[in-house]
Amino acid sequence: MPGSNTTVHRIRLRGPWALEPTDAGDMPERTVRLPLQWAELVDFGARRVRLSRRFHRPTNLGPNDQVSVVVHDLPAGAQVGLNGTILEQQIPPPTKESVFGTPQLEPTNLLSVEFDVSTRSAAGDGTWGEVALLISSP
């Protein structure tokens, strides 16, 4: 997480996201924008889902800038991946945001969040899906 002399810039990743089932092969993929109502995930009909979104590497990153992925109210047991690699959660402060350090970003990147829809312990019944890139510059 950023230190006291660090400038922080947040880029919200609202959409479009591909919503696809990971446990039912005959269900079609849908395009959604985040955040969305938790009920929309439940109504999708799959027990386990993957949300994925492509994004470009920010053009003004400096050599000392650090980029993290931040997910608000991440469901219990969820996996966050970047370009096919599962990201390790950094030690979070006592907040509702889960922070994941990222490896070197590619010119085009694929971010994914996969979880069991029946897990409501973190997401509750309201809206879900605040996802952002957090750029920390010294």
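Tutor: The largest pocket holds about 170 Å³ of space, in what is a predicted model. Its lining draws on residues from separate parts of the numbering: Arg 57, Leu 61, Gly 62, Pro 63, Asp 65, Gln 66 and Val 67, together with Thr 102, Pro 103, Gln 104 and Leu 105. Sorted by class, five of these lining residues are nonpolar, four are polar and two are charged. Gln 66 and Val 67 are among the lining residues, and strand β6 covers 66-72.

One cavity of 30 Å³ or more is present, and the largest cavity contains about 30 Å³. Around it stand Arg 12, Leu 13 and Arg 14, then Leu 34 and Pro 35, then Gly 129, Glu 130 and Val 131. That lining is made up of four nonpolar residues, three charged residues and one polar residue.

The peptide bond between Leu 34 and Pro 35 is cis, with omega about 0°. Pro 35 sits in the loop that runs between β3 and β4, the latter being residues 36-37. Pro 16 belongs to the loop between β1 (7-12) and β2.

Now the strands. Strands of a sheet pair through backbone hydrogen bonds, in a parallel or an antiparallel sense. Here an open sheet of six strands runs in the order β3-β2-β5-β10-β7-β8, and its pairing is antiparallel. Its edges are β3 (30-32) and β8 (85-86), each of which pairs on one side only. At the β8 end, β7, residues 79-82, makes an antiparallel pair with β8 over two bridges. Within that pair, Gly 81 faces Ile 86 of β8.

In soluble globular proteins, nonpolar side chains tend to be buried together. The largest nonpolar core in this model counts 32 residues, and the ones with the most contacts inside it are Leu 41, Val 69, Val 80, Leu 111, Phe 115 and Trp 128. At least two core residues come from each of β2 (17-21), α1 (38-43), β5 (48-56), β6, β7, β10 (108-116) and β12 (131-137).

Val 80 shows how these parts meet. Leaving aside residues up to four places away in sequence, Val 80 touches Val 69, Val 71, Leu 74, Thr 85, Ile 86, Leu 87, Phe 100, Leu 111, Ser 112 and Val 113. Ile 86, one of these contacts, is the residue that stands opposite Gly 81.

In the loop between β6 and β7 lies Asp 73; its phi is near 55°, positive although the residue is not glycine. Asp 73 has 14% relative accessibility, so it counts as buried, the limit being under 20%. Asn 83 is in the loop between β7 and β8. Asn 83, also not a glycine, has a positive phi of about 55°. With a relative accessible area of 34%, Asn 83 is partly exposed.

Conventions
Residues numbered from 1 in each chain as written. Predicted model: local features only at pLDDT ≥ 70, side-chain atom pairs only at ≥ 80, totals over all residues. Heavy atoms only, no water. 1 Å grid on protein atoms, 1.4 Å probe; cavity = no way out; pocket = protein on both sides within 12 Å on 5 of 7 lines; lining within 4 Å. Points joined across faces, edges and corners; volume = space filled by probe spheres on them. Nonpolar A, V, L, I, M, F, W, Y, C, P; charged D, E, K, R; others polar. Pairing = 2+ DSSP bridges. Helix = DSSP H or I, 4+ residues; strand = E, 2+ residues; numbered from the N terminus. Core = buried A, V, L, I, M, F, W, Y, C linked by side-chain atoms within 4.5 Å. Buried < 20%, exposed > 50% of the residue type's maximum accessible area, 1.4 Å probe, protein only. Contact = heavy atoms within 4.5 Å.
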